[in-house]
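Please read them with the structure open beside you.

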Amino acid sequence: MNKDLLSIKDLSTTQVHDILNTAEHFLDVNQRKIKKVPTLRGRTVVLAFFENSTRTKHSFELAAKRLSADIISFSSSTSSTNKGETLLDTARNLDAMFPDLMVIRHNQSGAPHLLAKHFSWSVLNAGDGINEHPSQALLDMLTLRQRLGCIEGKTVAIVGDIYHSRVARSNIFALTKLGARVVVAGPGTMCSPLLEKMGVEVRHGIDDVIDQVDAVMMLRIQRERLAPGMLPSVIEYAEHFGLNQKRLERMKDTAIVLHPGPINRGVELTSEVAASSKSAILSQVSNGIAIRMAIMYLIMGGQPLEQLRGNP
Ligand code: CP
């Protein structure tokens with residue numbers, strides 16, 4: 001693996017498969033009574049979250065703990081960035097504590113890249129602005145592979161606020177790399193004209209694609225990133241793009257529903273859809289721990305684990 005994981009674009013197809021196969025091994029570890037392996041004993045992982053997170057922060061933390069790493073965890077609300085310290089100065093001070101790896105989430109696109117350039121320790125991008133969220137895409141690939149058997153040749157729709165979604169960007173890179181057909185659907189104000197250049201089909205409604213998909217990934221409307229006028233009416237949005245029971249019934253029997261969370265019930269999907277047998281939303285969360293264990297293990301120099309069933 002490379003020193004850092006900043007973008008899915010930087011991974012070869014083989015590296016993506018290595019991460020997924022290694023995560024399968026860690027799924028087994030997570031089912032054991034003692035869910036801990038000594039792989040990263042003596043290594044120090046910094047969890048630096050400058051933006052809110054529930055799933056990513058806690059699953060990276062649990063993943064590092066299950067690999068026996070020492071952890072420094074902070075969020076912007078409790079750190080000295082609140083007193084005006086710059087990102088680079090904060091990182092210089094953490095560097096003086098000899099970390100081995102930093103997981104960073106930041107509302108500025110490119111913040112993880114800046115740290116990766118300046119420091120020798122590994123940097124994992126846990127979501128940077130509207131740019132990328134690579135570990136989310138990898139856990140989504142693991143979930144798709146588990147539920148559908150394979151990804152190559154499958155049709156996956158990504159629906160909603162594509163423009164502001166780092167999850168959409170990372171998933172487009174991962175799905176096209178693994179040979180899926182990708183269709184994106186969202187309001188015109190939330191779909192960049194450049195999307196077709198990324199190898200995806202663009203639609204402006206969900207109804208003409210929902211019966212074709214093997215999986216649909218519903219995205220949250222990112223109110224915190226919307227410019228005024230981009231979303232005139234939430235009710236109208238739900239009518240055109242929301243996944244409800246009627247649309248769920250039009251999906252193939254084997255098709256599944258994904259959502260990176262947090263979900264807005266009644267906007268991008270209804271509570272009935274979230275609780276349905278097609279929903280893989282909580283499996284995504286469980287898979288997130290194994291994927292993040294695999295990423296940290298491989299970045300820190302571990303060899304891909306494919307068939308091995310024992311402690312790494
Ligand atoms: N999927 C995701 O990034 O969720 P959090 O914002 O809760 O980490």
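**Notes on the predicted model**

1. Pro 262 is found in the loop that runs between strand S9 (256–258) and helix H9 (271–274). The peptide bond that joins Gly 261 to Pro 262 is cis, with an omega of about -5 degrees. Please keep in mind, here and below, that this is a predicted model.

2. Ser 68 is placed in the loop between helix H2 (55–66) and strand S2 (70–75).

3. The surroundings of the ligand are made up of Ser 53, Thr 54, Arg 55, Thr 56, Arg 105, His 133, Gln 136, Pro 260 and Gly 261. Gly 261, listed here, is also one partner in the cis peptide bond with Pro 262.

4. For Ser 53, a polar side-chain atom lies 2.6 Å from an oxygen atom of the ligand, and for Thr 56 an N or O atom of the side chain is 2.6 Å from a ligand oxygen atom. For Arg 55, the distance from a polar side-chain atom to an oxygen atom of the ligand is 3.0 Å.

5. Turning to helix packing, helix H5 (residues 134–148) packs with helix H6 (residues 166–177) at an angle of about 50 degrees, and their axes are 8 Å apart. H5 and H6 are therefore oblique to each other, and their crossing is right-handed. On the H5 side, Pro 134, Gln 136, Ala 137, Asp 140, Met 141 and Leu 144 take part, and they meet Val 167, Ser 170, Asn 171, Ala 174 and Leu 175 of H6. By class, this contact of H5 with H6 has seven nonpolar, three polar and one charged residues.

6. H5 also packs with helix H10 (residues 281–299), where the axes come within 8 Å and cross at roughly 120 degrees, in a crossing that is again right-handed. The H5 residues that meet H10 include Ser 135, Gln 136, Leu 139, Asp 140 and Arg 147, while those of H10 include Ser 283, Asn 287, Ile 291 and Arg 292. By class, the contact of H5 with H10 has five nonpolar, eight polar and three charged residues.

7. Gln 136 deserves a separate remark, as this residue of H5 is listed in the contact with H6, in the contact with H10 and among the residues that surround the ligand.

Definitions and conventions:
Residues are numbered from 1 along each chain as its sequence is written. This is a predicted model: local features need pLDDT of at least 70, side-chain atom pairs count only at pLDDT 80 or more; totals for chains, interfaces and linings use all residues. Side-chain values use heavy atoms; hydrogens and water are left out. Axes are lines fitted to C-alpha atoms, for helices over the stretch in contact, and angles run from 0 to 180 degrees between N-to-C directions. Helices (H or I, at least four residues) and strands (E, at least two) are DSSP runs, numbered from the N terminus. Angles under 35 degrees count as roughly parallel, over 145 as roughly antiparallel, 65 to 115 as roughly perpendicular and the rest as oblique. A crossing is left-handed if the near helix is turned anticlockwise from the far one by less than a right angle, and right-handed if clockwise. Contact means heavy atoms within 4.5 Å. Ala, Val, Leu, Ile, Met, Phe, Trp, Tyr, Cys and Pro count as nonpolar, Asp, Glu, Lys and Arg as charged, and the others, Gly among them, as polar. A residue is near a molecule or strand if one of its heavy atoms lies within 4 Å of it. A polar contact is a pair of N or O atoms within 3.5 Å; within protein, one must be able to donate a hydrogen and the other to accept it, and residues adjacent in sequence count only if both atoms are side-chain atoms.
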